[in-house]
Amino acid sequence: MGWFIGWILAILGANWLLAEYGLVEVGPWLVPAGTFLAAVPFVCRDGVHERRGWRWSVAAILAGSALSWAVAPSFAGGSGLAFLLAEGLDLGVYPPLRRRGLVVAALASSLVGSLADTWLFLWLSPIPVSWDAMVGTTLVKWASVAVAVAALWWWHGHRLPERRRPVRLAG
């Protein structure tokens, strides 16, 4: 249940930051303020999937789309639709990669989901879109994915797969 609660709090926080602060400067880019938390729900959704299964994940995706609509009505269309598509992509990438490890699956699915979320949200939202905004938002979101996945790895004590040493045959 902790993943689900963290997931909801991250969605609420990202939408609140966006509604409250709009665009913020990050280096040479203007980035939607919610971007700093926007990658966290992807990792939390993977945690929901891990603990509760795909049905809870789908329920979480639908609830997140509704929350996006409720928290930031001015960005509702872009936020809700982008979230729905991006989380769906995350859900499609995570299970097949899970056998390679939690970190690999969470990182890959979150990167795919966050890229779709960024580009679709910026395209559908009332925010003035430029190539710089797309690139800056993608980079900031991917940095937050890295932080979220590192926290996941630390929290669960998972280690990255060790390299296998080649077997030398006597001979």
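Which helix gives the most to the lining of the largest pocket? Keep that in mind as you click around; what you have open is a predicted model.

Start with the pocket itself. Its volume is about 180 Å³. Select W3, V40, C44, A148 and A151: of the 13 lining residues, these are the closest to the centre. Now colour by helix. α1, α3 and α7 each put at least two residues into this lining, and α7 is the answer to the opening question, with 5 residues.

Pick A14, N15, A38, S79 and D117, which are the closest to its centre out of 19 lining residues. The largest share, 4 residues, comes from α1. By class, the cavity lining splits into 9 nonpolar, 7 polar and 3 charged residues.

Last, go to T137, which sits in α7. Is T137 buried or exposed? With a relative accessible area of 2%, T137 falls under the 20% cut-off, so it counts as buried. To see what packs around it, show L30, V31, P32, T35, T118 and L122: T137 is in contact with each of these, leaving aside neighbours within four places in sequence.

Methods:
Residues are numbered from 1 along each chain as its sequence is written. This is a predicted model: local features need pLDDT of at least 70, side-chain atom pairs count only at pLDDT 80 or more; totals for chains, interfaces and linings use all residues. Side-chain values use heavy atoms; hydrogens and water are left out. On a 1 Å grid over the protein atoms alone, a cavity is a set of points where a 1.4 Å probe fits but cannot get out, and a pocket is an open set with protein on both sides within 12 Å along at least five of seven lines; lining residues have an atom within 4 Å of a point. Ala, Val, Leu, Ile, Met, Phe, Trp, Tyr, Cys and Pro count as nonpolar, Asp, Glu, Lys and Arg as charged, and the others, Gly among them, as polar. Buried means under 20% relative accessible area, exposed over 50%, partly exposed in between (1.4 Å probe, protein chains only). Contact means heavy atoms within 4.5 Å. Grid points are joined across faces, edges and corners, and a volume is the space filled by probe spheres set on the points.
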